[in-house]
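This report walks through one structure, pocket by pocket and then residue by residue. Please keep the sequence and the 3D view at hand.

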Amino acid sequence: MTEFIVHSVPGSPFGRAVLATLEEKGADYELRRVAMRTPGHLEMHPFARVPILQQGEFRLYETQAILRYLDRVLPTPPLTPADPKAAARMDQLMNVCDWYLFQGVGNVIGFQRVVGPKLLGLTPDDAVIAAALPKGRAVFDQLARDLGEGPYFVGDQVTLADLLLASHVDFFRAIPEWEPLAGGHPNLGAWLERMNARPSMLATTWERADAMAQAA
Ligand SMILES: N[C@@H](CCC(=O)N[C@@H](CS)C(=O)NCC(=O)O)C(=O)O
């Protein structure tokens, strides 16, 4: 029996971070597509979001909680630095991702440019995108400062922060806003390429997640 089930939807950056973490760990898992806002979904997630992790009878929602749980129960390779200060920096970056990159930037620009057109046939609203750009610039500028010249955000090894951030930042890679947000930060572009070349990221693209969910 498959050990871990990820209830999510292909294309969710939060869901992708969970899938990529399971891939990094070489874990046995499957992705099941959630029928959003159905009673079955609400029973798993009272706030009607994805992803949800299931391991036998144990179920967990909130991506950061899921990622840290996976890193505890699947300790190899470690995705949290051993040094407390480095681990705290990782935690800070993960919160930056949730509160500043996703809220008001990713969930606006990503929805307008990618999710809305692809899933709902919507036309991007340029005014809505333009209004989200200043916050987006502030976040990308700060991420570039945090990354500096390192290969990864915290030290020389990939951490949960890289996997969460890459799943979100990748949404911007092929849209016109990449240039104004990240064009001035070659370190961010090089980091994203480095992350996207990892087997864990290659295995969890929207297309690959679609195929996984269909096979489940
Ligand atoms: N805090 C949640 C956020 C998850 C989240 O917002 N997921 C999005 C997909 S990327 C979602 O479920 N959206 C559905 C909705 O907003 O109705 C987590 O970390 O898991």
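## The largest pocket

The largest pocket holds a volume of about 1100 Å³. The model is predicted: local features need pLDDT of at least 70, side-chain atom pairs count only at pLDDT 80 or more, and totals for chains, interfaces and linings use all residues. Residues are numbered from 1 along each chain as its sequence is written, and side-chain values use heavy atoms, with hydrogens and water left out. A pocket is defined on a 1 Å grid over the protein atoms alone, as an open set of points where a 1.4 Å probe fits, with protein on both sides within 12 Å along at least five of seven lines. Lining residues have an atom within 4 Å of a point. Grid points are joined across faces, edges and corners, and the volume is the space filled by probe spheres set on the points.

The lining of this pocket has 35 residues. Nearest its centre lie Ser12, Phe14, Arg49, Val50 and Phe102. Helix 1 (13–25), helix 3 (63–73), helix 4 (84–120) and helix 10 (206–215) each supply at least two lining residues. Helices (H or I, at least four residues) and strands (E, at least two) are DSSP runs, numbered from the N terminus. Helix 4 gives the most, with 12 residues. By type, the lining divides into 19 nonpolar, 10 polar and 6 charged residues. Here Ala, Val, Leu, Ile, Met, Phe, Trp, Tyr, Cys and Pro count as nonpolar, Asp, Glu, Lys and Arg as charged, and the others, Gly among them, as polar.

## The ligand

Which residues are around the ligand? They are Ser12, Pro13, Phe14, Met36, Arg37, Arg49, Val50, Pro51, Glu62, Thr63 and Phe102. Each has a heavy atom within 4 Å of the ligand.

Polar contacts are pairs of N or O atoms within 3.5 Å. A polar side-chain atom of Arg49 lies 2.8 Å from a ligand oxygen atom. For Thr63, a polar side-chain atom also lies 2.8 Å from an oxygen atom of the ligand. Val50 uses its backbone: an N or O atom there lies 2.9 Å from a ligand oxygen atom.

## The second largest pocket

The second largest pocket has about 330 Å³ of space. Its lining has 23 residues, with Arg16, Asp170, Phe171, Thr205 and Trp206 nearest the centre. Helix 1, helix 4 and helix 10 each give two or more residues to this lining. The largest share, 4 residues, comes from helix 1. The lining splits into 11 nonpolar, 7 polar and 5 charged residues.

## Backbone details

Most residues other than glycine have a negative phi, and most peptide bonds are trans. The bond from Val50 to Pro51 is cis, with omega near 10°. Pro51 sits in the loop between helix 2 (39–44) and strand 3 (52–55). The bond from Thr76 to Pro77 is cis too, with omega near -10°. Pro77 lies in the loop between helix 3 and helix 4.

Arg37 has a positive phi, near 65°. Arg37 lies in the loop between strand 2 (29–33) and helix 2. Ala48 is buried (under 20%) because its relative accessible area is 15%.

Notes: Buried means under 20% relative accessible area, exposed over 50%, partly exposed in between (1.4 Å probe, protein chains only). A polar contact is a pair of N or O atoms within 3.5 Å; within protein, one must be able to donate a hydrogen and the other to accept it, and residues adjacent in sequence count only if both atoms are side-chain atoms.
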